[in-house]
Amino acid sequence: MKEAEAEELQDEAGPGEAFAMKDIPSVSSAWRCRCQVSQLTLKSDSITGLDLPYRPRALSLTSSGAPSMTSRRSGGVVDYSRPAPGTAQWERTLWKKLEVGDLVLLRDNEQVPADILVLSSSDADGLCFVETKNLDGETNLKVRKSIKATSQIRSEEDLEHARFALDSEPPHANLYAYNGVLRYRPSGEGALEPNAEKVEACSINELLLRGCTLRNTKWVIGLVVFTGADTKIMLNGGETPSKRSKIERETNFNVVVNFIILIILCLISGLLHGYYRSKAHTSATYYEPGGEQSDNIYLDSLIVFVSSLIVFQNIVPVSLYITVEIVKTIQAYFIFQDIEMYYAPYDTSCVPKTWNISDDLGQIEYVFSDKTGTLTQNIMEFKKCSIKGVAFGEGVTEAMLGAQIREGKDVSSTMDDQAEELEEFKATMLSTMKRAFKNRYLRDDKLTLIAPDLAKRLADKTDSLHPHIVAFFRALAICHSVLADAPDEKQPFVLDYKAESPDEAALVAAARDVGFPFVTRNNTRLDIEVLGIPERWTPLRVLEFNSTRKRMSVIVRSPEGKIILYCKGADSVIYERLTKDHDEELKQATLKDLETFANGGLRTLCIAYRELGEEEYESWAKIYDAANSAVNNREEEIDKAAEQIEHSLLILGATALEDKLQEGVPEAIANLHKAGIKMWILTGDKVQTAIEIGYSCNLLTPDMEVMIISADSPETARAQIEAGLNKISSVLGPPATRSQGKVIARPPGGTEFAVVIDGESLRYALQPDLKPLFLSLGTQCSAVICCRVSPSQKAQTVKLVKDGCNAMCLSIGDGANDVAMIQEANIGVGLFGLEGSQAAMSADYAFGQFRFLTRLLLVHGRWSYIRIADMHAK
């Protein structure tokens, strides 16, 4: 029998001794079952089928905690009419020993050791929950589900009687896409034959990626699809760039020149010695008899060459390198020990991860910053909403205060007065709601939508707006993919919502506190309460959000039996799909409220719905299921199917969320601006929202001339960029350029300009023929805001300025989507935050808040640069 246990584990247990499941370390080992059940094939349009059959292995350890009850029930891929040896057991093994086709058992809070297809889980509906912050930086739990055909697998015996094959696409780096097809013959119908088989589509929703952590799920049984270098986390790893400071690069060049001079001097000394040695009857013949090191003139010249190398060695400053490294190490210690850069909530100070570039901190010319989570707190608060064209929500946002400052108003006392006023409004609102209905799930401390008039109209059932308010918040409680969790069993009515985005969690939490709590969900039911009355809806389909669709929809069956589609998304996307005979007055009123919310720096969404007929839904469901089972172009087919049902919508209302600025951000940006450092914000927000945030954080000032570039074609983008250049030239004159043709940024002073460009226009601006124009425009402006940008566009923008201006650039971000630009810049700074530690791990410096950047650059950067420069000069 072949031993499958690792050598270091053999000493821990005697022959036949089993390890308790709770004692198994999840980082380096996993549970694996050995039985011949499946085969996996990699297929693509350009790759011929590569069969990787499952290989039976010997068994070494039994599992006391694994799911091992005997079901003896055929169904799906399990067929008990087939003979099986009955010897399958779970064994403990190392990650590195896992192979494609292995069956693995994962327990709660264990890390996933490979890319694994979920066959079954402890959840009755086949669901499991994973935390992906090691992969994409997001801390919110994500739902994964098991394959329907394999969901009844519960034991090793079930695995022995299972027969199926998986056709999988080859490995690729896309974290959000996977296509595969599970082929099997229904149980009790004999061998697996192509003409009698059934297929089930496998997507990213059934795949657990290596590096994720299993949460809130007792166990999962899965099939290993990719291992080692083929896993998505490894394919996304890439090579960490090697960074050297500007002074070090120049010093290296000078040292090379000095070394060449040293070699030339030594060669001249050796050659001259050989030349004079070859002459006869010189003074050396009489005054230095026997002074030669060797009788061989060539060997003697070589000795002189080496001797000269020793004599002239001080030309190459070897000791300077050692001294500089010592100084940089001490400087890194100063940065780490700076108490003014310590952030108590995360218990962390500034962590220098790259010690040899501290002098570059004092030469930074451009700062590229993410917005969400970097300038803002990434904590969403539901502030305002619009229902049936009526806006609700009290309070002034930070962006609104920025607008008042631009108008020259005094806002020093506004925030203090507003806090007292909001407390009164909140007390009034809570009192009204508690008298009108019972909300067991209300959390007073979490209520952010302060709207006494909303509570009053919600309590008055005779109010004409009452049914519209109910329909609006019911939609918020239903249209989402949030998970409800009661962390304390003794307090079942205290719910925490875990969502894939903080926006979605904020929407559901707001509905809960207004009287429409989402309670729980599974594959067959969705429970909510409406003003204290329980309602049970039946989920039918979920059309998930993605960056292309910019919306999500759910199709549900109401308690009365009606089929309703709820849809939420960007206003531009929803308005394109409204019914043709929609109330025009309501459209314009809602659109006006959306613009008002966006002008206040709020993140907006539009909510809509439509009722579906039974026949319409049934016919569409067949199309959608066929698209969901497609082998090729599945995502495109699903989007096409969604387009067929997401139309003729009716507006329910709009929501507005605020993402507040971090403490000290406006002051930090103002100080950087005074120091002559230019700042670019690269964000995924809408243009108007980004502009208002720019004003509230002092990036944009009232005396700046703001130019907006929004184009739908390369020609339009060129025209708008040239118009901006002409406008600047007419005021400030043409910019100076270096001899190499690279643009020199204008010195601060005089009229200042800022440019705002959206993602589509930026895509055109980064094309080779428009790059020089956009670079010239951006470098002549005091501030640049790029909206709706992708991670790759962030990196391209940083590279454009770094290479085009030969300028020192710093990038700062807090999420996995910022890693590309952090690594592209001369210096990368990562923030410890709510989006995980991916950015901090990839950065050269990491700390807790954006405001610490000014001290890092203007204090430590300046002193480090002065110290290193003085050492080289002296």
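**Entry 1: a term to begin with**

I call it a salt bridge when a side-chain nitrogen of Lys or Arg lies within 4 Å of a carboxyl oxygen of Asp or Glu. I also note that I am reading a predicted model.

**Entry 2: Lys 145 and Glu 206**

With that cut-off in hand, I looked up Lys 145 and Glu 206, whose side chains form a salt bridge at 3.9 Å, N to O. Lys 145 sits in strand β8 (residues 141-145), while Glu 206 belongs to the loop between β11 (198-202) and β12 (207-208), so this pair ties together parts 61 residues apart in sequence. Are the two partners buried or exposed? Lys 145 counts as partly exposed, at 36% relative accessibility. Glu 206 counts as buried, at 6%.

**Entry 3: Asp 496 and Arg 443**

Next I checked Asp 496 and Arg 443, and their side chains meet in a salt bridge of 2.7 Å, N to O. This pair also links distant parts of the chain, 53 residues apart: I found Asp 496 in strand β20 (residues 496-498) and Arg 443 in the loop between α10 (414-436) and α11 (452-459). Asp 496 has a relative accessible area of 30% and is partly exposed. Arg 443, at 17%, counts as buried.

**Entry 4: a pair within one helix**

Then I turned to Asp 803 and Lys 799, which form a salt bridge of 3.0 Å, N to O. They are four residues apart in helix α23 (residues 791-804), so about one helical turn separates them. I recalled that an α-helix has 3.6 residues a turn, so residues three or four places apart point the same way. Asp 803 is partly exposed at 35% relative accessibility, and Lys 799 is partly exposed at 42%.

**Entry 5: salt bridges across the structure**

How many salt bridges does the structure hold? I noted 36. Some charged residues join up in a network: Arg 551, Glu 576, Arg 577, Glu 643 and Glu 646 are linked by salt bridges.

**Entry 6: cysteines**

I searched the whole structure for disulfides and noted zero.

**Entry 7: stepping back to the whole chain**

The protein chain has 26 helices and 34 strands. Of its 874 residues, 51% count as buried. I put its accessible surface at about 39,900 Å², with 52% of that belonging to carbon and sulfur atoms. Among contacts with a separation of 6 or more, 73% are between residues 24 or more positions apart.

**Entry 8: the nonpolar cores**

Which residues touch the most other members of the largest nonpolar core? In this core of 57 residues, they are Phe 473, Phe 516 and Tyr 566.

**Entry 9: helix α17**

In helix α17 (residues 634-643), I listed Arg 634, Ile 638, Ala 641 and Ala 642 as the buried residues. Seen down the axis of α17, they fall within an arc of 100°, so they line one face of the helix. The buried residues of α17 pack against β10 (180-184), β11, β23 (533-543) and α16 (614-628).

**Entry 10: Asp 359**

I found Asp 359 in the loop between β15 (351-352) and β16 (366-369). Is Asp 359 buried or exposed? Asp 359 is buried, with a relative accessible area of 0%. Leaving out residues up to four places away in sequence, I noted that Asp 359 touches Ser 245, Ile 247, Lys 328, Gly 861, Ser 864, Tyr 865 and Ile 868.

**Entry 11: Val 798**

My last stop was back in helix α23, where Val 798 lies. Val 798 is buried, with a relative accessible area of 0%. What does Val 798 touch, not counting residues up to four places away in sequence? I noted Phe 368, Ser 811, Met 821, Glu 824 and Ala 825. I also looked up Ile 822, which is 24 residues from Val 798 along the chain, and their C-alpha atoms are separated by 9.0 Å.

Conventions
Residues numbered from 1 in each chain as written. Predicted model: local features only at pLDDT ≥ 70, side-chain atom pairs only at ≥ 80, totals over all residues. Heavy atoms only, no water. Helix = DSSP H or I, 4+ residues; strand = E, 2+ residues; numbered from the N terminus. Buried < 20%, exposed > 50% of the residue type's maximum accessible area, 1.4 Å probe, protein only. Disulfide = S-S within 2.5 Å. Contact = heavy atoms within 4.5 Å. Areas by Shrake-Rupley, 256 points an atom, 1.4 Å probe, with all protein chains shown as cover. Core = buried A, V, L, I, M, F, W, Y, C linked by side-chain atoms within 4.5 Å. Arc of directions from axis to C-beta.
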